[in-house]
Amino acid sequence: MTRRDLLAGAAAAGAWAVGSMVQSASAAEPGSPAGHSPRRQAVLKISAQEGVIPGESLAEKLDRMEAWGIEGLEVGGRGLPARVDELRKALQGRNVKISAICAGFEGWLIASDPQVREKAFNSMKEILTAAGALGSTGLIIVPAFNHQESLPHREARVLLTGFQRADKPRPEEPPLLARLGDHAAACGTRILLEPLNREECYFLRTVADGASMCRDLNHPGIAVMGDFWHMTWEETNDMGAFLSAGDWLHHVHIASRRTRNTPGEDGEADNYVLGFKGLKAIGYQDYISFECGAKGDREVVVPAAVKLIRDQWAQA
Ligand code: MG
């Protein structure tokens with residue numbers, strides 16, 4: 001059985017109800033650690049957002065990615081349904097697969113205006129369908145940026161995950177993220193919650209908080225990611241952050257840690273070893289993806305960053 005079969009099967013069985021049973025059994029007992037898969041050895045798979053790689057065309061970018069050992073392509077979600085055929089053809093016979101899909105939806109999920117929430121929900125579903133068709137690990141979403149008028153945090157959390165405490169009974173009506181997760185899982189993909197630093201978002205800032213939302217939902221279509229750029233400002237310990245996410249972690253963004261350029265361009269600050277130790281400890285199987293600018297010539301600094309990541313992974 002493939003991961004896609006498993007996810008689709010869980011959705012067909014009604015993941016909200018299944019999650020409820022699993023939760024009461026063991027996985028989300030208060031105080032229990034996140035699920036780890038110690039028998040699984042972590043893998044290093046490097047990915048890049050489309051805009052990070054130099055090239056006049058997608059084919060040129062893919063040529064460079066293959067030459068540099070970059071295995072994942074992260075594309076934007078805006079207009080994705082119209083790009084499915086183009087992307088499938090471009091990747092045929094290549095050593096590059098679609099990794100995550102970065103945002104691109106309309107509205108935002110925890111808007112105080114219900115019409116904006118509805119717009120976000122429907123728009124995310126369309127992108128999830130395309131993401132599933134492309135075999136993507138998930139659609140990256142931010143519940144709301146600071147400038148987007150939103151519900152108070154407590155109400156927003158209840159809207160998304162349905163309840164505040166694990167010892168309270170679940171409501172029968174699935175909360176917003178469970179409904180989105182059902183669609184994601186039916187498509188063989190996921191929602192990836194992305195914590196951001198406080199300058200951009202206050203609702204979801206740490207990997208552990210995103211993971212606790214995953215734990216509340218315990219749904220195969222809902223996962224969390226970590227972004228080293230935001231983690232630099234919000235996390236007290238990169239390894240601790242990834243350990244707290246365990247099997248709920250399904251994507252990682254990477255950038256230099258002072259100026260958000262390619263890893264290595266900020267010199268000594270660009271140390272990811274502790275984070276990589278955390279990824280190894282949880283048996284991480286997904287991508288580490290460049291989301292960054294570049295100070296230097298991309299033909300030089302991107303392959304140098306790939307080497308830095310491989311070297312630090314080996315040290316971890
Ligand atoms: Mg990011």
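The questions and answers below look at the core, a strand, a metal site and some ring pairs of a predicted model.

In this predicted model, local features need pLDDT of at least 70 and side-chain atom pairs count only at pLDDT 80 or more, while totals for chains, interfaces and linings use all residues. Residues are numbered from 1 along each chain as its sequence is written, and side-chain values use heavy atoms, with hydrogens and water left out.

Q: Are Y287, S289, I288 and F290 of strand β8 buried or exposed?
A: In a regular strand the side chains alternate between the two faces of the sheet. In strand β8 (residues 287-290), Y287 and S289 lie on one side, with I288 and F290 on the other. Both faces are covered, and these four residues are all buried.

Q: Which residues donate to the magnesium ion?
A: Donors are N, O and S atoms within 2.8 Å of the metal (3.2 Å for Na, K and Ca), and water is not among the atoms, so sites may look incomplete. E194 lies in the loop between β5 and α8 while D227 lies in strand β6, so this pair ties together parts that are 33 residues apart in sequence. The protein donors lie 2.1 to 2.2 Å from the ion, and they are E194, D227, H253 and E291.

Q: What is the angle between the planes of F228 and F276?
A: Rings of Phe, Tyr and Trp (its six-membered ring) pair if their centres lie within 6.5 Å, and planes under 30 degrees apart count as stacked, over 60 as edge-to-face and the rest as tilted. F228 in helix α9 and F276 in helix α11 are 48 residues apart, and their pair links distant parts of the chain. At 5.9 Å centre to centre the pair is edge-to-face, and the angle between the planes is 85°.

Q: What is the relative accessible area of W233?
A: W233 lies in helix α9 together with W229, four residues apart, about one turn of the helix. W229 counts as buried at 13% relative accessibility, whereas W233 is partly exposed, with a relative accessible area of 39%.

Notes: Buried means under 20% relative accessible area, exposed over 50%, partly exposed in between (1.4 Å probe, protein chains only). Helices (H or I, at least four residues) and strands (E, at least two) are DSSP runs, numbered from the N terminus.
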